There are 2 protein chains.
Amino acid sequence: MRPDGTLRIDVERSILQSADEAAAAIRALLSERKIYAINLISSPGSGKTTLIEALLARFDGKAGVAVVEGDIETEIDAERIRKHGVQVRQINTRSSCHIQPSRLLSVLREMDLSETRLLLVENVGNLVCPAEVSLGEDARIVLLSVTEGDEKPLKYPLVFRTSDLLVITKTDLLPYVTFDVDRVRRAARAANPSVEIFEVSATTGAGMSALLDRIEGLRAMKH
Amino acid sequence: MRPDGTLRIDVERSILQSADEAAAAIRALLSERKIYAINLISSPGSGKTTLIEALLARFDGKAGVAVVEGDIETEIDAERIRKHGVQVRQINTRSSCHIQPSRLLSVLREMDLSETRLLLVENVGNLVCPAEVSLGEDARIVLLSVTEGDEKPLKYPLVFRTSDLLVITKTDLLPYVTFDVDRVRRAARAANPSVEIFEVSATTGAGMSALLDRIEGLRAMKH
């Protein structure tokens, strides 16, 4: 290809259109089955799988929750979740830095969702590409651990702009790191005035029940 | 585009070829000017900018070091580095999750590299896409902080397979997190038997001088 850009742009637009179509199909599937879907996005190691585990512990009827784990490689996260007795599928994206809506759609069509009320999708650990692609979710949650640095909402504005909830994780480590929670709150609100912000520590449990209450409230509002 | 895949593959191959050509041009430029270049890759907040600051503090002749900062948005890192009195350029990649070799080449051609002996390139915070693209560097360093989780070399094998050095950062936080250093060492060695592994804490300074010695040794070996 001659690098004049035109062809590249056309192809990217086609791929995005097809991604949008797959996202719309997911949205229709979820709506028909009255399933509330959450797309969890963060850097590697910010606590997505841990939050999912906390949500599973909270929900009584395990049959009501289904989980899809996205990773470049390995079944590590799916195995971790499977121990909780819920339905879980792993998507290995290989060279792709986010879950493709078409892959998620295929997986959802294979799953038994007859009892499912809440679908938790853990995206690939990455603050960039997953933010660009809708998976047809009802809510998007971005997690930021206090060890990652408080300038991240400025550096990765898209994911903060497009998320409904910001969860600041690992707050038990605040005494040992330099992290200005107020700076993050201000920057996140500047990017997205309607974002709801929670501070949690999975280690101590601090803030966790307020977050779980809110997620359950959002789910119950839909159905 | 009909989603038969063929066109997509051809286009991607062209883009990669052009990236390879740009990387080769960078390599030629570096070789001609006897500059040793390091490409730093990690998740957001693992300590890339902090390691660059430690390297700057170590090098006496500030004119000998040049820095290129890659971020989706903002000049935060470039401003932080500029305070050290070295030549620094910021590349804002916008929607791209890694520094494009062609962008780096353009920036290097604009810089005054007549005194430069060491070029430090901080890639966009991401363990996925930057691993797929050579910037013509002499050495690639992947950083992993102990707060990110010890399964990361299994989940993101490419960046560990293609890096010359693995730097485990924030070791001062080991008492407060669950992180098995030996598990990381084993997985990293399995992905890449020749990887050299360092454990450092920028907060306490532990391990830092061994790492800086090694980087200076690598640089001196080339020229």
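Predicted model: local features only at pLDDT ≥ 70, side-chain atom pairs only at ≥ 80, totals over all residues.
1. Salt bridges overall. The whole structure, taken over all chains, contains 28 salt bridges. Four of them lie between chain B and chain A. The points below take up individual pairs, within a chain and across the interface.

2. A pair within chain A. The side chains of A:D213 and A:R58 form a salt bridge with an N to O distance of 2.3 Å. A:D213 belongs to helix α8 (residues 208–222) of chain A and A:R58 to helix α2 (residues 48–58) of that chain, so this pair ties together parts that are 155 residues apart in sequence. Are the two partners buried, partly exposed or exposed? A:D213 has a relative accessible area of 42% and is partly exposed; A:R58, at 32%, is also classed as partly exposed.

3. Pairs across the interface. B:K155 and A:D77 form a salt bridge in which the closest N and O atoms are 2.6 Å apart.

4. A:K152 and A:E151 meet through their side chains in a salt bridge, at 2.7 Å from N to O. The relative accessible area of A:K152 is 3%, so this lysine is buried, the limit being under 20%. A:E151 is likewise counted as buried, at 11% relative accessibility. Elsewhere, salt bridges with shared partners link A:D71, A:D77, B:E151, B:K152 and B:K155 into one network. The pair of B:K155 with A:D77 described in point 3 has both of its residues in this network.

5. Helix α2 of chain B. How far is this helix enclosed by the rest of the structure? Eight of the 11 residues of helix α2 (residues 48–58) of chain B are buried, so the helix is largely enclosed. The buried residues are B:K48, B:T49, B:L51, B:I52, B:E53, B:A54, B:L55 and B:L56. Their cover includes the strands β1 (36–41), β2 (65–71), β4 (118–122) and β5 (139–145) of chain B, together with the helices α3 (76–82) and α8 (208–222) of that chain.

6. Extent of the interface. Contacts between the chains involve 37 residues of chain B and 37 residues of chain A. The two chains bury about 3000 Å² between them, with 64% of this area on carbon and sulfur atoms. B:P44, B:K155 and B:Y176 supply 19% of the area that chain B buries against chain A, more than any other three residues.

7. Composition of the interface. Between chain B and chain A, eight residue pairs are in polar contact, both residues being at pLDDT 80 or more. On the side of chain B that touches chain A, the elements giving two or more residues are α1 (6–32), α3 and α5 of chain B. Among these, α1(B) gives the most, with five residues. By class, that side of chain B has 18 nonpolar, eight polar and 11 charged residues.

Notes
Residues numbered from 1 in each chain as written. Chains lettered and ligands numbered in written order. Heavy atoms only, no water. Salt bridge = Lys/Arg side-chain N within 4 Å of Asp/Glu carboxyl O. Helix = DSSP H or I, 4+ residues; strand = E, 2+ residues; numbered from the N terminus. Buried < 20%, exposed > 50% of the residue type's maximum accessible area, 1.4 Å probe, protein only. Contact = heavy atoms within 4.5 Å. Buried area = accessible area lost by both parts, 1.4 Å probe. Polar contact = N/O pair within 3.5 Å; in protein donor to acceptor, adjacent residues only side chain to side chain. Nonpolar A, V, L, I, M, F, W, Y, C, P; charged D, E, K, R; others polar.
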